[in-house]
Amino acid sequence: MSRTDEQFFLENLTKINKNIGIIFLIFCLVPIIFILFTLTGLWEVSHVHSLVLLISTIITTIVLDVLNRKNKHQKFAMYFGIIMLCFEVSFMNYTNTIRLFISYAIVPIISLLYYNKKLTMITCAVNYFLMIFSSCITANAKLEVITGKFSPVIWAIQFAIGLTIESVFLFFALSKISDRIQKTLANLMQAFDEKDDALSQLKDRNQLVVRINNELEQKNLELKDTQSKIIKFVAECLGSHDLFTGRHAIHTQKYVELICNELVKKGLYTDELTEKNIDYYQLAAFLHDIGKIHIPEGILNKIGKFTPEEFELMKSHPQEGNKLLNYLPPIEEGDFNKIAKQMTLYHHEKWDGTGYPFGLKEYEIPLCARIMTAADVLDALISQRLYKEPMSIDEAIEVFEKSSGIHFEPAIAQAVIDSKHLITLIDNDFKTSEAETNAQELEWWKSYHENIKRVQQAQQ
């Protein structure tokens with residue numbers, strides 16, 4: 001490894017270690033909130049668990065701060081920080097303070113940012129065994145919440161089998177991503193080494209500047225591509241939890257691009273809708289429903305209308321998603337993170353102020369969220385769900401005509417209406433490519449709900 005390579009990896013290692021330290025510093029607030037909620041009666045969490053979580057987080061934060069002050073301890077700080085993150089997630093699973101579905105994947109995904117395959121594989125293994133251990137210990141408590149039908153041993157075995165399958169998938173998926181990152185960086189480092197060898201032969205200063213700029217631009221493109229793949233991977237994980245959310249994220253990404261381009265074509269929001277920001281909007285669309293990770297599958301994939309209680313739980317997903325995105329390391333100096341959080345938190349707000357979670361109205365709602373709202377509703381109308389058949393494009397356009405100035409900003413509603421032809425083409429492509437797998441998954445979930453209904457009737 002050349003000196004240039006070593007400097008690059010050391011700088012990256014130091015930067016990510018500092019970010020992990022910041023995550024732990026922010027995380028100190030979590031057990032304090034648990035204690036306050038318990039004292040006020042809003043939530044019941046053991047003070048012992050909260051204090052253990054608080055003390056371990058404070059100690060970890062202090063140790064990381066000390067290690068990060070010395071370059072020679074950066075590698076140890078890397079392993080220490082990631083493994084302690086695994087312990088924090090598994091401890092919360094042990095204490096039943098949160099409902100974990102695929103949240104354990106967050107720490108292995110964060111480990112990818114170190115560009116160290118060995119660390120990622122170790123993180124997957126540690127994370128897996130800690131989650132198995134903590135979940136088995138809490139088998140008795142969780143058994144009472146489920147049905148009381150099975151023994152703790154059987155429940156623990158069933159959970160372990162499911163977690164094993166997900167962990168194997170996660171292990172190999174992250175292995176492939178990590179391989180790709182390492183190959184990309186190896187090629188980039190080789191290109192920089194060749195550049196260094198050629199510097200002595202380049203006499204024309206302008207030629208040298210052009211070559212270096214091209215190499216830097218290529219490096220930025222490669223790293224952006226890697227970041228994009230990681231974000232899409234997170235969306236795919238979410239899709240495994242919800243029958244429709246994965247495809248919905250892909251669909252809305254395309255409709256967000258279409259709406260942005262139509263607004264620019266009309267000369268609207270040209271200062272904000274730059275080519276760079278439109279790229280951010282499209283990529284952020286993949287994450288707008290990430291908060292649904294914390295919504296039980298039985299509610300997400302329910303046939304029929306939600307009860308008032310179920311709907312209130314569903315309405316929590318924007319805020320849950322906003323919390324999860326706090327763990328996303330800064331991308332593009334945090335510009336992308338800001339857009340992703342705005343889309344996630346505000347995409348159910350309405351132009352007239354009747355939306356949720358905050359009841360914002362008109363220009364109080366960020367532009368990216370107003371566009372995301374239109375794309376979100378458009379796909380929901382023309383796509384099939386367990387509880388409904390898809391609308392026609394004409395019917396969907398009529399909804400936008402009637403809801404202009406109510407649900408949607410008039411200019412954005414008009415952009416959708418004027419894009420009817422392109423929406424038809426895009427929708428046909430999606431329905432053609434997804435027809436077979438969509439039918440199979442729908443049949444499976446309908447059969448699942450019928451079996452659940454028969455079991456409930458038999459128990460009555």
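Y363 counts as exposed because its relative accessibility is 57% (exposed means over 50% relative accessible area, buried under 20%, and partly exposed in between, with a 1.4 Å probe and protein chains only). The model is predicted, so local features need pLDDT of at least 70 and side-chain atom pairs count only at pLDDT 80 or more, whereas totals for chains, interfaces and linings use all residues. Residues are numbered from 1 along each chain as its sequence is written, and side-chain values use heavy atoms, with hydrogens and water left out.

The structure holds seven aromatic pairs, where rings of Phe, Tyr and Trp (its six-membered ring) pair if their centres lie within 6.5 Å, and planes under 30 degrees apart count as stacked, over 60 as edge-to-face and the rest as tilted. One of them joins W351 and Y363 in an edge-to-face arrangement, at 5.1 Å centre to centre and with 85 degrees between the planes. Both W351 and Y363 lie in the loop between α15 (335–346) and α16 (367–382), so the pair ties together parts that are 12 residues apart in sequence; helices (H or I, at least four residues) and strands (E, at least two) are DSSP runs, numbered from the N terminus. W351 counts as buried, at 10% relative accessibility. F400 and F408 form a stacked pair, with 4.3 Å between centres and 15 degrees between the planes. F400 is buried at 0% relative accessibility, and F408 is buried at 2%. K315 lies over the face of Y356, at 5.3 Å from the ring centre (a charge sits over a ring if NZ of Lys or CZ of Arg is within 6 Å of the ring centre and within 35 degrees of the ring normal).

The structure holds 11 salt bridges, each defined as a side-chain nitrogen of Lys or Arg within 4 Å of a carboxyl oxygen of Asp or Glu. In one of them, the closest N and O atoms of E257 and K254 are 3.6 Å apart. These two residues are three apart in helix α10 (residues 245–265), and therefore separated by about one helical turn. E257 is partly exposed at 23% relative accessibility, as is K254 at 33%. K431 and D427 form a salt bridge at 2.6 Å between the closest N and O atoms. Both residues lie in helix α19 (residues 420–459), four residues apart, or about one turn. K431 is partly exposed, at 36% relative accessible area, whereas D427 is buried, at 8%. Salt bridges with shared partners join E262, K266 and D418 into one network. A further salt bridge connects K292 and D289 at 3.5 Å, N to O, and both of these residues are buried.

Zero disulfides are found in a search of the whole structure, a disulfide being a pair of cysteine sulfur atoms within 2.5 Å. The sulfur of C260 has its closest cysteine sulfur in C368, at 9.4 Å, which is too far for a bond. C260 is buried, with a relative accessible area of 0%, and C28 counts as buried at 12% relative accessibility.

A nonpolar patch on the surface is formed by I22, I26, L29, I32, I33, L36, F37 and L39, with about 750 Å² of accessible area together. Helices α1 (3–27) and α2 (29–40) are the elements that give two or more residues to the patch. The largest share, six residues, comes from α2. I26 is found in helix α1 and counts as exposed, at 53% relative accessibility. Patches are made of residues with over 30% relative accessible area and no salt bridge, with like charges joined within 9 Å and nonpolar side chains (Val, Leu, Ile, Met, Phe, Trp, Tyr) within 5 Å. Accessible areas come from the Shrake-Rupley method with a 1.4 Å probe, and for residues only the protein chains shown count as cover.
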